[in-house]
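The report below goes through one protein model, from its charged pairs to its metal site and its backbone. Please keep the sequence and the coordinates at hand while reading.

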Amino acid sequence: MVLMLSAIIGGSTIIVFSAFSEAQLEQKTFVTHSGQVIQTSGDVLDPLYTTSTVEFDPEKYLRDFNYGRISESKNGQTIRDFIIIAEDDKIQEISPGVFYNVWTFNGTVPGPTIRATEGDLVRIHFINNGSKSHTMHFHGIHPAEMDGVFETVGPDGGQFTYEFEAGPVGVHPYHCHVMPLEEHISHGLYGVFIVDPKIARPQADEMVMILNGFDTDFDAENNFYAVNSIPFYYQHHPIQIKTNELIRIYVVNMVEFDPVNNFHLHGNLFQYYPTGTSLVPSTFTDMITLSQTERGIMEFQYKYPGKYLFHAHKVEFSEKGWVGLFLVQDAKENSGE
Ligand SMILES: [Cu+2]
């Protein structure tokens, strides 16, 4: 075979053939994004090497707050320690039959919701177990060297401890800030950081909603949109709440590629606190529009029981998964009155 090729093609054949031969040796097994297992020696865009998939439970994520390991400094300041591990080799079934290489903080997209009170000392022990450099960049107030932009943390076990005082009060995103930024964010390296006021907000049924999307065919446009990663999840599993109970939603828009996203609530209006930095709402509405990393706190209660939609009023997004339901149950019936 080698001789035949040499004879036919001439001088440059050795190089051509040896490349071909090496490629043959490098034949690898991949899982395609439709779940098929194939063998190829060719270049594969964003290959999947494994069929083991990330299990993500939007039900659990919705009301899951991580307050860290709590201790106190000599001067009485509350210290909260968190361990966050980045990885970039996990596969998640984004939609039935669509497998996507997610990049994760602590194994999920979004990463854990980190929560502290204003003035607490927050220490994030960050370990990068990925194959690329990553960081954690927190929105909020902190020293320059804690900004997670210039101090990239190397792959295969690189470490960095981010240390800062929690502030200001509000709801903030955190995300990787390594270039190309769009790639690192859209693969899933983001989460929510809540800073509570020293005098806590009133008791409420609290939830976190990250508006996100996935570009599964790599054309810089999202193919799926969601609240908390799984398209249509809360439509199929309505969020159960009670009449006359205060609901507080920390909402953060992490959708890449599309300039805006929005949130519309049915059968009700909500008090809205942009970025959550003020304890006084700025508006009473049923609709907010959010640009990249724009966020806020929504508060409302339902007067009447029943099923109510919430969704992007950008219809394309809701038809591709950004839609959910509240199932409002009569509080009186529940309490047996
Ligand atoms: Cu990254």
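Which side chains meet in a salt bridge of 2.7 Å, N to O? They are those of Arg-248 and Glu-299, where a salt bridge is a side-chain nitrogen of Lys or Arg within 4 Å of a carboxyl oxygen of Asp or Glu.

## Basis of the model

The model is predicted, and local features need pLDDT of at least 70, side-chain atom pairs count only at pLDDT 80 or more, and totals for chains, interfaces and linings use all residues. Residues are numbered from 1 along each chain as its sequence is written, and side-chain values use heavy atoms, with hydrogens and water left out.

## The chain as a whole

The chain has seven helices and 23 strands, taken as DSSP runs numbered from the N terminus (helices: H or I, at least four residues; strands: E, at least two). Of its 337 residues, 49% count as buried; buried means under 20% relative accessible area, exposed over 50%, and partly exposed in between, with a 1.4 Å probe and protein chains only.

Among contacts (heavy atoms within 4.5 Å) with a separation of 6 or more, 68% are between residues 24 or more positions apart. The chain exposes about 15900 Å², of which carbon and sulfur atoms supply 54%, the areas coming from the Shrake-Rupley method with a 1.4 Å probe and, for residues, with only the protein chains shown counting as cover.

## Salt bridges

The salt bridge of Arg-248 and Glu-299 links distant parts of the chain, since Arg-248 is in strand E16 and Glu-299 in strand E21 (residues 295-300), 51 residues apart. Both Arg-248 and Glu-299 are buried. Through salt bridges that share partners, Arg-115, Asp-196, Glu-206, Arg-248 and Glu-299 are joined into one network.

The count for the model comes to 11 salt bridges. One of them, at 2.8 Å from N to O, is formed by the side chains of Arg-63 and Asp-205; Arg-63 lies in the loop between helix H3 (58-62) and strand E3 (65-66) and Asp-205 in strand E13 (residues 205-214), so the pair ties together parts that are 142 residues apart in sequence. Arg-63 is partly exposed, with a relative accessible area of 33%, whereas Asp-205 is buried at 14%. The side chains of Asp-120 and Arg-80 also meet in a salt bridge, of 2.6 Å from N to O, and here both Asp-120 and Arg-80 are buried.

Asp-258 is placed in the loop between strand E16 (247-253) and strand E17 (261-265).

A polar contact of 2.6 Å does join the side chains of Asp-258 and Tyr-225. A polar contact is a pair of N or O atoms within 3.5 Å; within protein, one must be able to donate a hydrogen and the other to accept it, and residues adjacent in sequence count only if both atoms are side-chain atoms. Leaving aside neighbours within four places in sequence, Asp-258 is in contact with Asn-222, Tyr-225, Gln-292 and Phe-317.

## The copper site

The protein donors of the copper ion are His-134 (ND1), Cys-176 (SG) and His-184 (ND1), lying 1.9 to 2.1 Å from the ion. Donors are N, O and S atoms within 2.8 Å of the metal (3.2 Å for Na, K and Ca), and water is not among the atoms, so sites may look incomplete. In sequence the donor residues are spaced H-x41-C-x7-H, and both Cys-176 and His-184 are buried.

## Backbone exceptions

Most residues other than glycine have a negative phi, and most peptide bonds are trans. A cis peptide bond joins Gly-167 and Pro-168, with omega about 0 degrees, and the bond from Met-179 to Pro-180 is cis as well, with omega near -5 degrees.

Asp-156, which is not a glycine, has a positive phi of about 55 degrees and is exposed, with a relative accessible area of 67%. Thr-293 has a positive phi near 65 degrees and is placed in the loop between strand E20 (287-290) and E21.
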